[in-house]
Each structure stands twice: as structure tokens, then as C-alpha cells.
Amino acid sequence: MSLIVTGSIGIDTVITPAGRADKILGGSCTYFAAAASFFTAVRIVGAVGEDFPREFLKVFEHFKVDTAGLEIRKGAKTFSWTGKYHDNMNDRDTLEVQPNVLAEALPPVPGTYRDSQYIFLANTHPGAQMELLSQFPSRKLVVADTMDLWIKTANAELLALLKQIDGLVLNDSEAYLLTGEKNLVKAARKVVGMGPKFVVIKKGEHGCLLEHREGRAMLPAFPIAEVIDPTGAGDSFAGGMMGHLAASGDLGLANLRKALALGAVVASFNVEAFSLGKLEKIKRADIDERFGQYLQMLAMAG
Ligand code: AMP
């Protein structure tokens, strides 16, 4: 079933203990779309500026992402972000962020996207997330991501958004900031009390907690020895999860758990190279093979 995403499409400069990459393709929407494309057709809505390198468009072509909703806006500059990771590869500092075109209105949603039923609001201003959401009254599933910046600077809009969505994905530190709690379970319960049916709290390499109105799950990350660049791990995790949900059409708790496990597997590939470098090299069969290893890792006597 049709999956649509809005979020940032940007130019990143990333410094990690494993190296540095300048002016590479990044953005929450980008990582999400590439990851989800292994499971289902993906449509993107977003704008970039005139400076957006044309070779980056080929990456979207590689993943067969529908770019009818991607606008190269005249006179505008592309969103850009520079981040530096700590030695633990989990924490990072934003050295520079230029919202540029991300602070402007979204492009119009193409008519061919109107039947989209699965919506992912990747990390961007909650106002833009709400703007896209309001155009799909007959949606089947809406999940959003957010970050500390929006929790601090657009809190009222974010709280309003939470009442409109089915699921929220965010990091543990962001969940603590949003709820004022210091315990993972308490924070998760509080988020569900704010509106969504479920929340997925990501703990980087330590996996994630799913708190659902009907139950709870705790899933590990797929362990990787050679992490090169964790950027986009959260977005590719969400892409794998939403891609599977949209492809299967099953929104039950058991299938949601499977979706999270597939998300963890896709994210584990993503961190093995800068930008989309690793995801461009793999096929769906590689994901399925690693998913088998993931299940084996969790196998235990009943
Ligand atoms: P993740 O590592 O999953 O949190 O996603 C990293 C991506 O998010 C990078 O490629 C950045 O371009 C993008 N990003 C960083 N800050 C922001 C922001 N304030 N709004 C939207 N996207 C952002």
C-alpha cells in the first residue's frame, strides 16, 4: 500500500571517529525513503534549493522513490546540517544547521499521491508535519518522528500533532525532555497519554522500547562491529518499520513487533557507511538474511 513521507532532504557534513564526509546526501526523509523502498513503493514530499547537487537525484532513482512531490525551489537553498559524533558513536553534537528551504512552505502534494494511506512525518518542523497530515483525511496509519529542537521551540504545535497521530518515534533523551520523566517506561506511558496509540523510544545501539495501548516490547539493535556513520539510523529504522507495515497492511501488535525488528535490521546496514552508501549496495535478500540472524540471536527456550 502507498507510503508517503515528508521530512528533511539535505546536504550533510558528518564527522565520526571512523572518518569524515563533506557535503553528502542526507536528511530524515532521504534515509527513511531509501530504507522503506526495500518493502514498498515510497512517495516523498519536500523541497530542496537550487544548490541541490543533481547527482543526488540519482540516489532517489536508484531506490525507485517517487519524486513527483520533490520541488527544486528557485531562489532557495537546501537544508544543511553538520554533525560530529562522540567516541561512543551514540552521542553527537550539531556543529551547524541551516534550515534554509526547510523553514518555508511544503510543495503542493501531487494529485497522484492522494490515495496514500500510510504516512510518515519524518523529523521536521511540527507545523510542516501537520500541514501534510491535514491533506490525508482517510489515512490508515500516521507515525511521526521528532527531536529536541522541536520539543523546545515548537512545543505547542508538537503537542497538537500528538493528538492526530497513531505512533511517535523518538530517542530516549527526547522522550525524557518531552515528558519530564527520567524513567523509560514512565516516559513511554506518558507519551501514549498525550495522544498516540503507541510510541517507540529508540536507545541507539541499545535497541528500542515499544509502548502500545495493548502491550509492550523491548527489542535489541542488530550488533555491528564496524560502525562508520550512525547518521540516519533512526530514520532508516522507521523506514524499515513503516515499509513493512505498509506492505503487509497488518497493524496488529505482533506485526508491529516484526516491523520494529526489520527496522533494526535495516538501520544496522545503514550505519556501515556514510550517507546511503551501504543501503545502495544491498538487496532485499540481504535484509531477509540478516533478519534470520536477528531472530536466531533472540531464540530461547520457551
Ligand atoms: P538521525 O540520525 O536518524 O537523527 O537523522 C539524521 C538526519 O537528520 C541528517 O541527515 C540530517 O540532515 C537530518 N537533520 C538534522 N537536524 C535536523 C532538523 N532540525 N530537522 C530535520 N532534519 C534534521
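Begin at the ligand and select the shell of residues around it, which divides into eight nonpolar, eight polar and three charged residues (Ala, Val, Leu, Ile, Met, Phe, Trp, Tyr, Cys and Pro count as nonpolar, Asp, Glu, Lys and Arg as charged, and the others, Gly among them, as polar). This is a predicted model, in which local features need pLDDT of at least 70 and side-chain atom pairs count only at pLDDT 80 or more, while totals for chains, interfaces and linings use all residues. Residues are numbered from 1 along each chain as its sequence is written, and side-chain values use heavy atoms, with hydrogens and water left out.

Next, select S8, D12, G27, G232 and D235, the closest of the 19 residues that surround the ligand (each has a heavy atom within 4 Å of it). A backbone N or O atom of G27 lies 2.7 Å from an oxygen atom of the ligand, and a side-chain N or O atom of R92 is 2.8 Å from a ligand oxygen.

Now move to the aromatic rings and select F38 and F63, an edge-to-face pair with 6.1 Å centre to centre and 75 degrees between the planes (rings of Phe, Tyr and Trp, the last by its six-membered ring, pair if their centres lie within 6.5 Å; planes under 30 degrees apart count as stacked, over 60 as edge-to-face and the rest as tilted). F38 is buried at 14% relative accessibility, and F63 is buried with a relative accessible area of 7% (buried means under 20%, exposed over 50%, partly exposed in between, with a 1.4 Å probe and protein chains only).

Methods
Polar contact = N/O pair within 3.5 Å; in protein donor to acceptor, adjacent residues only side chain to side chain.
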